[in-house]
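I opened this entry to keep a record of what I looked up, going from the whole chain to single residues.

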Amino acid sequence: MRDIFPVLRVLGVMLTFMAWTMALPLAVSWHWQDGVADAYIASFLVTMAAGVLLWRGMQRHRRELQPRHGVMLVSLAWLLLPVFAALPLELAFMEIGRPLSFTHSYFEAVSGLTTTGGTVLNKLDTLPVSVNFWRCFLQWVGGMGILILAVAVLPLLGVGGSQLFKAEAAGPIKDNKLTPRMAQTAKGLWGVYATLSTACALAYWAGGMPPIEAVMHMFTTVSLGGLSSHDASFGYFNSPLLEMTAVVFMLFASCNFALYFTAVRKGRLSVALSDPELRATLSVLVGGGLLAGLLLWSKGLYAPLDALRHGMFHVVSVATTTGFSTQDYLLWPVFLPVFMLLLSGIATSAGSTGGGIKMVRMLILLQQARREIRRLAHPRAVQPVRLGRAVVDTPVIFAVLAFMLVYGATVVVLSMVLMLTDLDPVTAFSAIIASVNCMGPGLGAVGPASSFAVLNDFQVWVCTLAMLMGRLEMLSFMALLTPSFWKN
């Protein structure tokens with residue numbers, strides 16, 4: 001168990017970062033005089049104290065993180081950081097006379113940091129401005145991962161970040177370094193993230209959103225999180241211009257940020273456009289939006305332009321795991337809500353801010369299936385699995401197959417657990433799919449016109465577990481549960 005001490009030291013550093021992030025909603029609270037500033041001050045002090053105690057208490061355990069340390073740190077961080085992120089919510093709700101249970105505040109914090117976007121809160125329009133700001137800001141912080149941010153400063157603390165980056169990076173191929181040092185890699189990715197964020201906020205402001213609303217919805221657009229400061233979600237603005245702006249930035253955020261970084265460094269846009277995963281992601285999203293628009297028009301639900309507007313917005317929003325809504329799409333033909341929910345599992349790229357299985361895994365699986373079919377006719381042929389021009393190594397294929405097995409088992413088991421509590425199958429299955437894919441709203445009782453507040457505490461905890469497992473991509477979480485992981 002002494003192996004965990006270096007992990008606890010770095011976790012202390014992350015808690016100090018978490019404490020400083022609370023200064024932003026505190027400034028918002030002071031500026032708007034919304035009456036809950038004390039909640040952020042108290043939360044800052046508690047979080048900072050915990051971080052400093054861990055950091056200084058484990059000061060003598062300064063060494064390079066090994067692969068197992070990376071897995072432990074990622075898992076512990078996503079379990080414990082929401083505890084402290086939930087503090088401002090609990091204290092603020094106490095101050096406004098609407099006490100929030102730990103179950104609900106922890107769910108909301110996990111939903112924010114994992115960029116899921118599900119909520120157990122109602123009457124969002126009446127909440128203090130800083131509370132909505134904090135909820136949205138958590139998604140922006142979690143979008144690229146607070147852990148990758150820490151990678152940029154770990155070398156300064158005497159702890160290298162290479163293993164941490166590999167543990168946190170999304171998708172099956174994690175060993176490609178964009179720059180010679182992990183710290184430079186993390187800074188480069190955050191540079192792309194910050195640039196896209198700035199452009200999104202300015203576009204929303206120019207499109208008619210008030211500045212504070214533009215910033216909050218920027219947080220939840222580029223992170224593909226989907227939380228909003230309004231019960232009506234994006235439908236509150238009722239603006240085709242803002243909806244199309246959101247579509248553009250959701251499409252950008254659904255693709256691999258490393259491609260943007262590499263394209264900028266090399267000065268060639270073709271670097272990104274030639275990537276097979278990017279092309280597949282954009283094709284599925286745009287093609288799905290056009291299909292939805294065509295179906296809505298053919299059913300006579302909307303005029304042609306309105307059908308295209310609503311179809312494209314909701315397919316891109318749900319499939320990219322963002323979860324914004326302007327219409328109650330459960331009233332649409334039943335094919336579309338199910339179609340969009342299933343797309344949320346595959347329609348984002350590895351290295352993006354989205355959740356789900358990731359497009360690269362689906363491409364590898366399709367190529368593997370194609371190879372096996374060809375082997376039936378040509379059993380002796382050498383047919384490597386390729387992704388573009390690159391040959392995919394056998395260990396990567398095995399890792400993808402293992403992930404898919406664990407993913408399917410997780411969805412089935414947790415859905416059955418919810419059904420054991422007498423939740424109807426549609427709500428149970430969609431709530432788990434939405435949580436594991438970090439998508440937000442599901443179908444049935446947890447659809448876009450409702451929230452997870454309809455679930456009891458046990459059901460909320462099951463969905464919280466699903467969100468954490470989805471963010472950790474299952475295998476890292478499962479590794480902690482095996483006895484061999486803890487053996488020296």
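The notes below follow the order in which I looked things up.

**Ground rules.** I am working from a predicted model, in which local features need pLDDT of at least 70 and side-chain atom pairs count only at pLDDT 80 or more, while totals for chains, interfaces and linings use all residues. I number residues from 1 along each chain as its sequence is written, and the side-chain values use heavy atoms, with hydrogens and water left out.

**Whole chain.** I looked up the secondary structure and found 22 helices and two strands in the protein chain, where helices (H or I, at least four residues) and strands (E, at least two) are DSSP runs numbered from the N terminus. Of the 488 residues, 59% count as buried, a term I use for under 20% relative accessible area, with exposed meaning over 50% and partly exposed in between (1.4 Å probe, protein chains only). For contacts, meaning heavy atoms within 4.5 Å, I noted that among those between residues at least 6 apart in sequence, 73% join residues at least 24 apart. The chain exposes about 20000 Å², and carbon and sulfur atoms supply 67% of that area, as computed by the Shrake-Rupley method with a 1.4 Å probe, with only the protein chains shown counting as cover for residues.

**Cores.** I then looked for nonpolar cores, which are sets of buried Ala, Val, Leu, Ile, Met, Phe, Trp, Tyr and Cys residues joined through side-chain atoms within 4.5 Å. The largest has 133 residues, and W134 and W140 have the most contacts inside it. A second, separate core of 13 residues includes A280, L363, I364 and V400. Returning to W140, and leaving aside its neighbours within four places in sequence, I found it in contact with residues including W190, Y193, M218 and F219.

**Annotated site.** Which residues does the UniProt annotation "binding site" cover? The unreviewed entry lists T115, T116, L224, G225, T321, T322 and M439; I keep in mind that UniProt positions are given in the numbering used here, that feature names are shortened, and that annotations may be inferred rather than shown by experiment. Although these residues are spread over 325 residues of sequence, they cluster in space, with a largest C-alpha distance of 8.5 Å.

I checked two of them further. L224 lies in the loop between α11 (211–222) and α12 (240–253), and G225 is found in the loop between α11 and α12. L224 counts as buried because its relative accessibility is 0%, and G225 is buried, with a relative accessible area of 0%. Not counting residues up to four places away in sequence, G225 touches T115, T116, T321 and T322, among others, and L224, leaving aside its neighbours within four places, has contacts that include T115, T321 and T322.

**Helix α20.** Nine of the 12 residues are buried, among them I432, I433 and V436. The cover over the buried residues of α20 includes α17 (335–343), α19 (394–420) and α21 (457–471). Just after α20, C438 takes a positive phi of about 55 degrees.

**Cysteines.** How many disulfides does the structure hold? I found zero disulfides, taking a disulfide as a pair of cysteine sulfur atoms within 2.5 Å. C200 is buried at a relative accessible area of 0%, and C255 is buried at 2%.
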